[in-house]
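Reader: I'm new to reading protein models. Could you walk me through this one?

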Amino acid sequence: MQDVENGDVEHHHHPETMAAKLGQLLVSDGVITESQLEEALKLQRERDKKLKLGQILVKIGAVPDEDTIYEYLGKQLDIAYVKPSDIQLNPEIVKLIPADIARRYTVIPIFHIGVVLTVAVAEPFDFVAVDEIAYHTKLEVRRVLATRAEIETAIDKYYSIADTVNISTDRIESEAAGPGTDQVLQVVDDIRIASDQPVVDLVNSFVVKAVKDRASDIHFEATERDCTIRYRVDGLMREMATLSAGVHQPVVARIKVMSNMDVSEKRLPQDGRFRMNINDKLIDFRVATLPTIFGEKVAIRILDKSNLLVDLSQMGFSPANYEKWLEIINRPEGLVLITGPTGSGKTTTLYAVLMELNSPEKSIVTVEDPVEYHLAGTTQVQINERAGLVFANALRSIVRQNPDIVMVGEIRDHATAEISIRASLTGHLVLSTLHTSDAPVAAGRLIDMGIEPYLVSSSVTAVLAQRLLRVLCHNCKEEVRLDTPLTREFQERNRLLELTFFRGSGCPRCDESGFIGRTAIHELMVVSSELKDLISAKASHIDLRRAALRTGMISLLDDGLMKASKGITTIEEVLRVCHSEDSKISQKDAPSVIKDVSSIQV
């Protein structure tokens, strides 16, 4: 082998030969078996030749993680294996390689000593990358190995979004200030600029980074002086970049072109959709524009199916709630409601229920506005208010289709509520959502819509209220002692000698936030005979809530405190998402919930 440390890379090695040798090395060291190697090679030949042998071995579970593969690959090639996350990189050294080259080849500089630049690479046989880095930096390149995920994380950390996009905002602004003076010429200019490569790169970079950062939304907002880009991650907004005001209109025009919107219409709101392939995943994006005094605001909702939780057992239900919920949704008829504010995960739970119930023996029809995810084996109807297809009209037609299960995206008015209730009383299981603060208030909301109390009491079988809260980062989670009236009351009621809570101190893995991902807390009210009588008598929300707690309902607050006591989240997160009225109503009749904590799935 020639000396790689002096930049003289060994072009005589071939990836296929090295992969075979790597497999044999793993077998000889007892990391994998001969049969596992044969299975991986067969999968590579028959299904996906683009996948590396190491990736397939990890995928089939023969090797625990990519680190093991890279360690052995490093030994075989006599190249050091590193973890960029364990090294504090010098920003000045990082800048030696432009962001577009770093991203294109998945590389990042590690050290610079004399005329030698040490670069972490994910592809040891990508000699084109090595040659381009050497040409650009005028330095000798020494390679070290790192996993693709580690390098991508380092790139996101050390290169700003502005660095990541190889773009000149001055160029965009000069393009935007073209010859168009009247409306027709301006529209032509907007379309032309929207297809310009710098604008395309800029918009694509924001979208790709948002998906990588697990964002649910991207907001492009015009202000008097600039253009602000913000993402929503784990329910909270983050400012990601600020660009000059002249860049805003070209960016908006580009997004409109992508979403098949009218580029010339800037005075009225518009809706659209587009789709992108990011990291071999096809992701849908829902777009909405809104005219403001400084220009159009654009909001993009990211509909990533890989982020859609479809397994009910992994949605944060306590064992008691999970058992009750399964029994409710497997009933042949009745109205089941999921309540909560916007962004509380109601639609996700509805989809998870449908996935649980979906089978060839059942006919499932949904009516949604809009249809966010396509579910195989179900019939999904898209609301079209302009054409006159509203929830009530669609529901009337759906009931005539003889379905077993009907999912109504949201009960918004008297007509939709009435048809949903009548369908639930005539042999259909009807699932829907309401915007209410807790489970007991849902009954009153239906009555306020003009539904007779006796119909509400006889049709509604259960109401599930839920909130989403952030999950503590396992890497930087630490114990804290809290002694407040709320925690003491929770401790006494559950007869606990000690009560420990947790917080996230912040680390690179969670972007210093202390949290990674979200889970749900629930309040499940099963409508018992006592609750039916109270609903028929138009009892107050307070009376309904007390009766529900007496009959076994676990409040949102208690479900949250239960998760906080086990280190799933923090007490501050619980109080952030729970309404203050949750803690005002006496919990004396509430059941002990701590016994359910040990088997909670997040």
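Reader: How many bridges hold β4 and β5 together, and in which sense do they pair?

Author: This is a predicted model, where local features need pLDDT of at least 70, side-chain atom pairs count only at pLDDT 80 or more, and totals for chains, interfaces and linings use all residues. Residues are numbered from 1 along each chain as its sequence is written, and side-chain values use heavy atoms, leaving out hydrogens and water. Strands are DSSP runs of E, at least two residues, and helices are runs of H or I, at least four, numbered from the N terminus; two strands pair if DSSP finds at least two bridges between them. Here β4 covers residues 215–222 and β5 covers residues 226–233, and their pairing is antiparallel, over seven bridges.

Reader: Which residue of β5 stands opposite Ala215?

Author: Look along the β4 and β5 pair, which is antiparallel. Opposite Ala215 you'll find Val233.

Reader: Which strands sit at the edges of the sheet?

Author: The sheet is open, with six antiparallel strands in the order β6-β5-β4-β9-β8-β7. An edge strand pairs on one side only, and that goes for β6 (236–244) and β7 (270–278).

Reader: What angle do α12 and α13 make where they pack?

Author: Two packed helices are described by the angle between their axes and the distance between the axes. Axes are lines fitted to C-alpha atoms, for helices over the stretch in contact, and angles run from 0 to 180 degrees between N-to-C directions. The axes of α12 and α13 are 10 Å apart, and the angle is about 75 degrees. Angles of 65 to 115 degrees count as roughly perpendicular, so α12 and α13 are roughly perpendicular to each other.

Reader: Which residues of α13 make that contact?

Author: Contact means heavy atoms within 4.5 Å. From α12 come Val199, Val200, Leu202, Val203 and Asn204, and they meet Pro250, Val251, Arg254, Ile255 and Met258 of α13.

Reader: What is the volume of the largest cavity?

Author: On a 1 Å grid over the protein atoms alone, a cavity is a set of points where a 1.4 Å probe fits but cannot get out, and lining residues have an atom within 4 Å of a point. Grid points are joined across faces, edges and corners, and the volume is the space filled by probe spheres set on the points. The whole structure has one cavity of 30 Å³ or more. Its lining includes Leu337, Met525 and Ile535, and the volume is about 30 Å³.

Reader: Which elements each supply at least two residues of that lining?

Author: Among the lining residues are Ala442, Ala443, Val460 and Val463. The elements you want are α18 (441–448) and β15 (460–472).

Key
1 Å grid on protein atoms, 1.4 Å probe; cavity = no way out; pocket = protein on both sides within 12 Å on 5 of 7 lines; lining within 4 Å. Parallel < 35°, antiparallel > 145°, perpendicular 65-115°, else oblique.
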